[in-house]
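Please open the model in your viewer and keep the selection panel at hand.

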Amino acid sequence: MPSATAVNKHRPSELLSRLASDDPEVKVRALREVKNQIIGNPTKKLSFLKLGAVPAVAGILADSIDEVTNNNNCNSNTSNILVQSAAALGSFACGFDAGVQAVLDAGAFPNLLRLLANPNEKVADAGARALRMIYQSKLAPKYDFLQQKNMEFLISLLNSEKENVSGLGASIITRSCETSLEQKALFDAGILRKLNSLLGGGSLSQRDASLESLATIFRNNPEVISKFAGPEIGRPLSSIIDLVKDRHPRTRLLACMCLIVIRNASPHFLQDIGIKSKIIHILLELLDDPSQVGDEAPFAFSSLIAQKEDLQKLALEANAIDKLYHHLKKGSLHPRRYEGILLALADMCSKLESCRSKFLSLQVLNLVADALTDHNAGVRTAACVCLKNVTRSIKNLSAGYFMNEIIVIPLVQLFPDPSTSVQGFRWQEKSERPDTFPLLDAVAALGAVSNIMVDFTTRKSIFVQCGGMKQLVQLAKSMESAVRSNALWALKNFVFQADNRLKEGVFSELTASLLSSLISDPEPSVQEQALALVRNLVDGCINLIELVFAEDGLILGAIGRQLQCASKAEIGIQGMYALCNVASGNEFHKEAVIQQLFTQMGDKNQSFVIKFLQSNDCQLRTATVWTIVNLTCPSSPGAPGRLEKLRNAGIISQIKNMVNDPCVDVKLRVRTVLGQSMAFGDN
Amino acid sequence: MTTSKKTITRDEWEKRLNDVKIRKEDMNKLVMNFLVTEGYVEAAEKFRMESGTEPDIDLATISERMAVKKAVQCGNVEDAIEKVNDLNPEILDTNPQLFFHLQQQRLIELIRNGKIEEALEFAQEELAPRGEENQSFLEELERTVSLLAFEDVSNCPVGELLDISQRLKTASEVNAAILTSQSHEKDPKLPSLLKMLLWAQNQLDEKFDYPRINDLSSATLEDPAV
């Protein structure tokens, strides 16, 4: 029995050869079969793509359009060919970026546009649909709104009664409108009024498309928003607000997202606590929706509350944390939803202690710790951000709540391989969150760890035992500066008020030469963290001060050099405090410090000390004066000599000018210095 | 301790019922909505002529939708897929769950017709990739393929897949997707009203004895127990 099964009949290569047939009926049937094979089937789309199906179909489309133009008529065969080829191209482009690219590369875009003018409704519709699929992708060609012709064309699309055509207009706006100039141009052309009318009078898909377009035009543009909402008498923005209660979940979500965009751009709109609570309530409810709407709801929630304490408080009262926890508990979440819920929890806990307490009381921590080992990278990063925010809770840090195996070990496992190059890191796409910045997976994990490192109990050894400390040191050598500075940050926190043994362990792992080269790192953020690390290392114990003298005073020298050319106040602050701590030691230490203050001068007359004392930054002035206090402490025999040096350099008179410094800390230390200097006879 | 419930007599009840006014147009709309959503084109046409009630969607699109539904109910899934794609190519492209169920139904029909080799090839080529992408699809695929392992399919644990009810389930899913794509409610309103009636009676039961409707099809009032 021959095995000519139904499946064999339609082998892709065989189909493609039929596409090339001269017989229009054969061609139409082949097109239709290709279309039917690829719709809904990403695997087939890819395999047809690889066989060159897209240029073949695009070619047929082009030929047929030429025929229509040349003959000035469109018979039913040609119409069929146009419909089927447009539908096939549309399907290749549907949710499939490689397909979109192939369709564009094959030059089909202008031909699809020409279909819109075809008198046959089905043909125009097929063209509109295919174009809409293209515009759902980031690869869609940029639409130039600022050209008059283009704006007119867009308006004609939006005015169409046909859903697919007006939907295309909206998709173009949502995809291509980026700058405030474009937003204004769209407003001036009356587009917003049209979109607004679709909110009330259009079909479901027109309403949804309009909401997305409106949000795009409003984004970060308070001027357009006030022009739109300002003239409305009665309830401004009522057309959008009403849709927040629509029966369709997707409409509710899009309406909320639109209002959130408005509020983030113009906070004086939607001040009413009622509407704020309503949006919070609706977004939390949408978490119940099983479709993509429920996946996106937590992201919308985040964009509402991020960085805003008042809204976080409101959300807390609406039991947001309980509800997010409830969904997290369900398990088997779609990765997008999982990530969204974790980020929403992260945003809730970013500023308010009350939220963190609620979070911890519900035992959400264990679920978040589970997420650290999820196979999806976005989920893991979100878990790290969540942990980082929750561990800002000083109360719970000091209770040693977080320094345990369940959390620390998975976090350490997320540390990247130090040898990974820049290309190896995954950058997250910018989202709608106002505090957005590109996250490195590594940095997220390090951020979480950094906070946990500030553990006031004695359980820091867990971190050493699981190899975390060694890994951090390795990461301090990373090629990526953000990784270096964050690893140092974590180490800085780790040694903060840690016992001597721990500090010595860290130092011997780091070595003086590495630490001094990090102090002299090209990146200011790395310099700052390295100096802060030294400051914490030598703080509190005179024995540890010796560390800066290791290998011929490598570290001390590096500090001095870096202070001389400090590019920002923070570097000066950490460096001075490091010197300050060293100067709290014995005679030898103090002499070494004062050496550093002066030997770096070179041909400059002024020591950086004076520059720091004159700084606008109060912390920098404080740190510098403190150092002088330690250097001129009367109980040390070498104090008078050092005082003389300081006086000669004009530092003491500079300090005298600071008796009325606006900063209390500075004022008090200035008095101490002057008091100490008078003990040796002032002049 | 049982709290005593108040009793409403039949006379009282009927009097209250008579006081409720319902417009004829509303009733007609409900009927039309039912006919249109369920796809009874001819009945809808006739009803429109007799009552003057306008349907809320174009009757022409109903025929197309009904053709799809019928094709699935008869087991001609490939035909149904072609028709849906002619109607609106986006539906199956944006509805992975529906598409999978249709492909699954195709597989079931191949197995039902004894085309075992074809069934296996189909499962491998068309369905396996979907299973790789989605855990629940994989489980359903495995259930379906396991039909091949049994001698007596009518008695096996997954035998229900071969039942006509499976076809109806898939047909209903397609019908709903088409309605949604046409921005129409996928469920008729009448069943919801009946549900509300039953719910309201249950609520009332806690406080009153009254003439209840126990049989929805006859809608007769049954006297409260004396």
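**The interface and a helix of chain A**

Begin with both chains displayed: between chain B and chain A the count is 8 salt bridges. The model is a predicted one. To view one of these bridges, select A:Arg132 and B:Glu90, whose side chains meet in a salt bridge with an N to O distance of 2.4 Å.

Next, select the side of chain B that touches chain A. Three helices of chain B each supply at least two of its residues: H5 (77–87), H6 (90–93) and H8 (116–133). The largest share, 7 residues, comes from H8(B). Colour this side by residue class, and it divides into 12 charged, 5 nonpolar and 4 polar residues.

Now extend the selection to both sides of the interface. Here 21 residues of chain B are in contact with 31 residues of chain A. Across this interface, 15 residue pairs are in polar contact, with both residues at pLDDT 80 or more. The size of an interface is often expressed as the accessible area lost when the parts come together. For chain B and chain A, the area buried between them is about 2,100 Å², of which 42% lies on carbon and sulfur atoms.

Finally, select residues 204–218 of chain A, which form helix H14. From first C-alpha to last, this 15-residue helix reaches 21 Å, close to the 21 Å expected at 1.5 Å a residue. H14(A) is mostly covered, with 13 of its 15 residues buried.

Definitions and conventions
Residues numbered from 1 in each chain as written. Chains lettered and ligands numbered in written order. Predicted model: local features only at pLDDT ≥ 70, side-chain atom pairs only at ≥ 80, totals over all residues. Heavy atoms only, no water. Contact = heavy atoms within 4.5 Å. Buried area = accessible area lost by both parts, 1.4 Å probe. Salt bridge = Lys/Arg side-chain N within 4 Å of Asp/Glu carboxyl O. Polar contact = N/O pair within 3.5 Å; in protein donor to acceptor, adjacent residues only side chain to side chain. Helix = DSSP H or I, 4+ residues; strand = E, 2+ residues; numbered from the N terminus. Nonpolar A, V, L, I, M, F, W, Y, C, P; charged D, E, K, R; others polar. Expected span 1.5 Å × (residues − 1). Buried < 20%, exposed > 50% of the residue type's maximum accessible area, 1.4 Å probe, protein only.
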